[in-house]
Amino acid sequence: MAIDEFIRAVYGSAISTGIRETSWIIPAVQSIHILGIAVVIGSAIVMDLRLAGVLATDESPQAVVRRHLPWMWSALALLLGTGFVLGLGEPDRVVGNVVFWAKMGLVLCAFILTLLFRYPILHLDYRIEHARMAKLIKPLAWVSLAIWVAVIFCGRWIAYAQ
């Protein structure tokens, strides 16, 4: 099945039509999606700036990551759900949109980066200065922050790229 056929099939489905034709669903889901983005980005900014040694330096990296990572995961789950609803309602805006797929690739990179360099920090015996790749922590924090900023820009750009 070609992409255009897939888009038409989803667009013509009863659930897609229902989402589009109920005037409050898309604005409400977009609002929740934006709030989820704010939580993810806020959590990422605090954790990344702590790991870069710029913010909350009076607290251990473990404390900062332990406090903010659950918020990030919960918000990412929320974003997955709301994004799915938005994609069902307007599949023509996302499925064939290169910027959407760039955003998804960036989110995947940020997710993997989060798993690789934040989760080890949560171990009780972890000491950032003794980590095998301690020299990479600060640059990876800045890379992570840059990726999340790019995700925001891609998210806004989706509406203008068809």
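Reader: What makes C109 count as partly exposed?
Author: C109 has a relative accessible area of 41%. Buried means under 20%, exposed over 50%, and partly exposed is in between (1.4 Å probe, protein chains only), so C109 counts as partly exposed. The residue lies in helix α6, and its C-alpha is 9.6 Å from that of W148, 39 residues away in sequence.

Reader: Where do these values come from?
Author: This is a predicted model, where local features need pLDDT of at least 70 and side-chain atom pairs count only at pLDDT 80 or more, while totals for chains, interfaces and linings use all residues. Residues are numbered from 1 along each chain as its sequence is written, and side-chain values use heavy atoms, with hydrogens and water left out.

Reader: How many helices and strands does the chain have?
Author: There are 7 helices and 0 strands.

Reader: Why are W73 and F111 called an edge-to-face pair?
Author: Rings of Phe, Tyr and Trp (its six-membered ring) pair if their centres lie within 6.5 Å; planes under 30 degrees apart are stacked, over 60 edge-to-face, and the rest tilted. A search of the whole structure turns up 2 aromatic pairs. For W73 and F111, the centres are 5.2 Å apart and the planes 70° apart, so the pair is edge-to-face. This pair links distant parts of the chain, with W73 in helix α4 (residues 61–89) and F111 in helix α6 (residues 98–117), 38 residues apart. F111, at 34% relative accessibility, counts as partly exposed.

Reader: What about F100 and W101?
Author: They also form an edge-to-face pair, at 4.9 Å centre to centre with 80° between the planes. F100 counts as buried because its relative accessibility is 15%.

Reader: How do you know that R20 lies over the face of Y11?
Author: A charge sits over a ring if NZ of Lys or CZ of Arg is within 6 Å of the ring centre and within 35 degrees of the ring normal. R20 is at 3.5 Å from the ring centre of Y11 and lies over its face.

Reader: Why is α2 called roughly perpendicular to α4?
Author: The axes of helix α2 (residues 14–21) and α4 come within 7 Å and cross at roughly 95°. Axes are lines fitted to C-alpha atoms, for helices over the stretch in contact, with angles from 0 to 180 degrees between N-to-C directions. Under 35 degrees is roughly parallel, over 145 roughly antiparallel, 65 to 115 roughly perpendicular, and the rest oblique, so α2 is roughly perpendicular to α4.

Reader: Which residues make that contact between α2 and α4?
Author: I15, S16, I19 and R20 of α2 meet V85, L88 and G89 of α4; contact means heavy atoms within 4.5 Å.

Reader: Which residues does I32 touch, leaving aside neighbours within four places in sequence?
Author: I32 is in contact with L78 and T82. I32 itself is found in helix α3 and, at 37% relative accessibility, counts as partly exposed.

How values were computed. Helices (H or I, at least four residues) and strands (E, at least two) are DSSP runs, numbered from the N terminus.
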